[in-house]
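Good morning, everyone, and thank you for making time for this. Please bring the sequence and the model up on your screens, and then I will walk you through a few parts of it.

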Amino acid sequence: MTDPVLALHDLRLAFKGFTGTTEVLHGLSLSIDRGERVALVGESGSGKSVTARIVLGLIQEMRGAKVSGRLRFQGQDLDRLPKRARHGLRGTAMSMIFQDPTSSLNPAYRIGTQFREVLARGTPGITAEAATARATALLDEVAIPQPDRVLAAYPFQLSGGMNQRVMIAMALANEPALLIADEPGTALDVTVQAQTLRLMRRVVEQHGTAVLFISHNLGVVREFADRTYVIYRGRIVEHGPTEAVFHTPGHPYTRALMAAQPRITGGGVPEIAERDAQYGDPMVVHPTGAAAGAGA
Amino acid sequence: MRRVIGILLANPLSLLGVVLVALVVLGAVFADFLAPFPEHRGAVVDFLNFNRPPEWPYIFGTDLVGRDLFSRILYAYRISLMLGVVVLAIAVPIGVTIGLLAGYLGGVWEYLLMRLTDVFLSIPPLVLAMSIMGLLEPTLINGMLAVTAMWWPWYTRLVYTITRGEKEEGYVLAAEVIGASRSHVMFREILPNCVPAVITKMTLDLGFVILIASSLSFLGLGVQPPTPDLGSMVAEGADYLPDSWWLTVFPGLAILVAVFGFNLVGDALRDILGAER
Amino acid sequence: MTAPLLALQNLSKTFRSHGHAVHAVQDVSIDVAAGECLAIVGESGSGKSTLANMVLGILAPSAGEIRYDGQALPARRTLAHRRALQLVQQNPLSALNPKRSIGASLRLAFDVHRIGDRAGRTARVGALLEDVGLPADFAQRPPAALSGGQRQRVAIARALACDSRLLVLDEPTSALDVLVQSRILRLLADLRAEHGLTYLFISHDLAVVRNIADRVAVFEKGRMVELAPTDRLFTAPEHPYTRRLISAVPVITEDEITMRDQLAHGAA
């Protein structure tokens with residue numbers, strides 16, 4: 001059996017403040033296989049975004065943050081890796097796309113310039129022609145109509161949806177093994193968001209990229225992920241194939257989340273407790289069947 | 001409160017600042033009790049003990065007419081602090097009000113008020129103060145006037161920038177939709193959100209006002225003898241360097257301690273008040 | 001049918017930007033009946049926020065008229081008009097002044113509109129908080145001590161303080177988590193029934209609108225492209241843009257997927 005792309009084991013995170021230490025993640029375990037799309041879904045403050053930042057190694061650099069547990073990426077222990085090697089992984093073997101595409105791109109540089117920089121991280125000394133050719137091919141893949149025009153443009157000259165596609169193309173430029181997507185498309189309009197997600201799903205499938213998909217939006221998760229982890233206040237409360245989690249949610253918290261989601265078929269607004277003692281129930285695990293497919 | 005102490009303890013420089021400021025303020029307030037020769041703050045001449053190096057009971061030495069430098073420094077602190085407090089007490093309300101009006105009302109008001117502010121800001125502060133002092137008699141009152149005239153625009157800039165940002169916040173819209181008056185929105189809604197930045201700046205400025213006032217009197221334009229002033233003490237002593245080094249070194253250090261102390265405390269306040277938002 | 005509480009008549013708003021005109025809202029006419037919840041949905045640039053701002057008197061219309069309770073609203077609103085129409089904003093973090101207590105924020109409406117005597121206002125603040133499901137002693141707290149959902153409750157209480165009949169709800173739950181959202185929607189529904197309120201519910205979230213509105217107006221690029229009772233809009237949308245919007249909603253149940261697919265195929 002091959003190593004998973006990403007394996008987190010008993011991950012804990014605590015912040016030391018002036019008034020004492022607060023634990024934010026309480027022993028979180030999660031794994032993503034090659035080419036697998038895995039969602040981490042939860043509310044704000046649940047610890048989902050912080051988990052993504054730990055994987056990227058961004059939290060560890062913060063003062064007062066204490067991370068423990070095991071982080072394995074493609075079979076190697078991330079915490080044992082020298083700082084420089086770890087830094088080298090970012091943008092090459094693992095990449096990230098953020099919530100707001102327009103502010104994630106530097107407004108002072110043309111898309112083409114930024115693209116070349118990204119490519120140079122994976123292929124040092126890449127020529128301008130080779131970079132342009134590769135960038136054009138990638139933009140073509142994310143269905144951008146006139147790649148050369150987009151490469152010559154500044155981010156603010158493009159729409160949010162267009163910038164999000166550029167971000168996806170850049171994130172995949174160096175053929176990363178893992179793509180971390182933190183609430184992608186949340187800042188976009190619904191129709192654009194739907195298109196973008198469909199597109200992103202298609203290209204990661206083509207590239208065989210594993211994805212850690214961070215979201216608070218159940219509908220989006222259902223459409224995108226093969227497997228889903230539900231996180232509540234720093235603990236995984238339920239995980240399994242997306243179909244199973246959505247079809248037969250087992251944990252009281254997951255059930256509350258599903259019930260609270262308004263339906264386009266109607267039915268009114270249900271009465272739901274924001275907090276419930278039962279939300280602390282033990283984790284529910286759905287067996288992973290052979291080749292669990294995602295929803296529609 | 002625990003957080004405040006935590007921040008102070010976490011940063012030894014903040015703690016040092018608090019100690020320095022405490023020394024300066026206590027020295028100034030209790031000068032009458034702490035000064036070994038309180039009468040030396042005035043026109044006293046003691047030819048038996050003039051120009052003495054530091055030795056008991058003159059721990060900082062004596063000046064050219066035999067007055068105890070330590071006593072004079074304490075009284076000079078008192079005058080400097082008074083000057084600083086009075087300057088800020090006048091400059092801050094003016095600067096803050098103009099900043100609020102320009103930032104909140106916008107339009108023509110913003111244009112006129114901010115251009116006026118820019119005019120004052122474009123003149124180097126010392127030059128402005130020197131020209132005012134040149135026109136008027138170099139007295140303590142005029143010194144305050146001069147320093148005040150150059151100080152308010154900085155508060156206008158600061159408050160204007162904050163107000164422009166706060167104006168976009170939902171709570172301002174909410175108050176307007178309810179029908180609150182403009183003065184309510186400016187002074188009751190927006191102003192409280194400017195207070196932390198203004199207080200931080202005031203603390204930093206206490207140090208700078210002392211420095212500017214000393215510079216003016218160093219040039220002979222500020223507080224006049226026999227009133228003790230750190231700047232004129234340095235100026236008088238400068239002619240007798242390096243032999244009578246204590247004449248300049250101790251008043252100079254006194255300026256340094258005050259400016260440095262208020263700066264450190266200002267930085268600490270920025271952390272404490274800033275983090276609360 | 002009785003006279004509408006709010007009537008928008010041929011309302012337009014044009015902004016000038018770099019020499020050319022941007023039609024943010026174009027010739028919109030809607031009647032809103034007393035006690036109704038009318039949803040205005042659309043994406044960014046649809047003009048829904050501009051419309052809300054005109055209703056509140058924050059923006060003056062370029063053309064057309066807004067009538068409230070049978071009378072045309074002037075561009076400069078009187079205190080009485082302001083009192084009648086109130087607002088709940090999207091972001092509860094920014095909607096409350098961080099430097100003022102919850103009680104002070106709520107009291108403002110009483111002070112401005114001289115509601116009750118001075119002593120009675122404190123008691124009224126407590127009653128308001130209880131109306132929105134918060135303990136009365138929250139009045140002493142600063143906003144920072146409250147969660148997002150609690151702050152949104154306070155914002156709703158503030159809108160109720162004026163005894164308004166019409167509330168403009170500008171994306172009131174889109175900054176909230178789904179569990180909190182369902183409780184706030186519940187509260188809004190209960191308050192409407194209890195106080196006979198009329199809502200203008202601005203939203204981009206069709207799933208939310210489906211479950212709270214009586215009628216839905218769909219906006220695209222400044223124009224109203226469809227206006228229909230909620231049930232009909234979702235089961236038989238007529239405008240292609242409405243269909244596109246509905247079929248883009250991320251959904252979680254089989255029933256919803258079936259419905260969405262049917263709409264998508266109907267459109268093709």
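Let me begin with chain B, where, among contacts (heavy atoms within 4.5 Å) between residues at least 6 apart in sequence, 72% join residues at least 24 apart. Before I go on, please keep in mind that this is a predicted model, in which local features need pLDDT of at least 70 and side-chain atom pairs count only at pLDDT 80 or more, while totals for chains, interfaces and linings use all residues. Residues are numbered from 1 along each chain as its sequence is written, chains are lettered from A and ligands numbered from 1 in the order in which they are written, and side-chain values use heavy atoms, with hydrogens and water left out.

Chain B has eleven helices and zero strands, where helices (H or I, at least four residues) and strands (E, at least two) are DSSP runs numbered from the N terminus. Its C-alpha atoms fill a box of roughly 75 × 50 × 30 Å along the principal axes, and 50% of its 277 residues count as buried, a word that stands for under 20% relative accessible area, with exposed meaning over 50% and partly exposed in between, for a 1.4 Å probe and protein chains only.

How do helix 5 and helix 7 of chain B pack? Helix 5, residues 107–122, and helix 7, residues 140–166, have axes 9 Å apart and an angle of about 140°; axes here are lines fitted to C-alpha atoms, for helices over the stretch in contact, and angles run from 0 to 180 degrees between N-to-C directions. The two helices of chain B are therefore oblique to each other, given that angles under 35 degrees count as roughly parallel, over 145 as roughly antiparallel, 65 to 115 as roughly perpendicular and the rest as oblique. On the helix 5 side the residues that meet helix 7 include M114(B) and F120(B), and on the helix 7 side W152(B) and Y160(B) are among them.

Staying in chain B, the buried residues of helix 10, residues 230–238, include L230(B), G231(B) and M233(B). D229(B) caps the N-terminal end of helix 10 of chain B, with a side-chain oxygen 2.8 Å from the backbone nitrogen of G231(B).

Now to chain A, where the axes of helix 7, residues 160–172, and helix 8, residues 190–207, come within 10 Å and cross at roughly 15°. Helix 7 and helix 8 of chain A are therefore roughly parallel to each other, and their contact involves residues including I168(A) and L172(A) from helix 7 and L199(A) and V203(A) from helix 8.

Finally, two residues of chain C. R121(C) lies in helix 5, residues 118–131, of chain C, and at 7% relative accessibility R121(C) counts as buried. Leaving aside neighbours within four places in sequence, R121(C) is in contact with residues including R107(C), F110(C) and D111(C), while its C-alpha atom is separated by 32 Å from that of A72(C), 49 residues apart along the chain.

And which residues does N211(C) touch, not counting those up to four places away in sequence? They are P262(A), R263(A), G266(A), G267(A), G268(A) and V269(A). N211(C) lies in helix 8, residues 206–212, of chain C, and is buried, with a relative accessible area of 12%. A polar atom of the N211(C) side chain lies 2.8 Å from the backbone oxygen of A207(C).

Definitions and conventions:
Polar contact = N/O pair within 3.5 Å; in protein donor to acceptor, adjacent residues only side chain to side chain.
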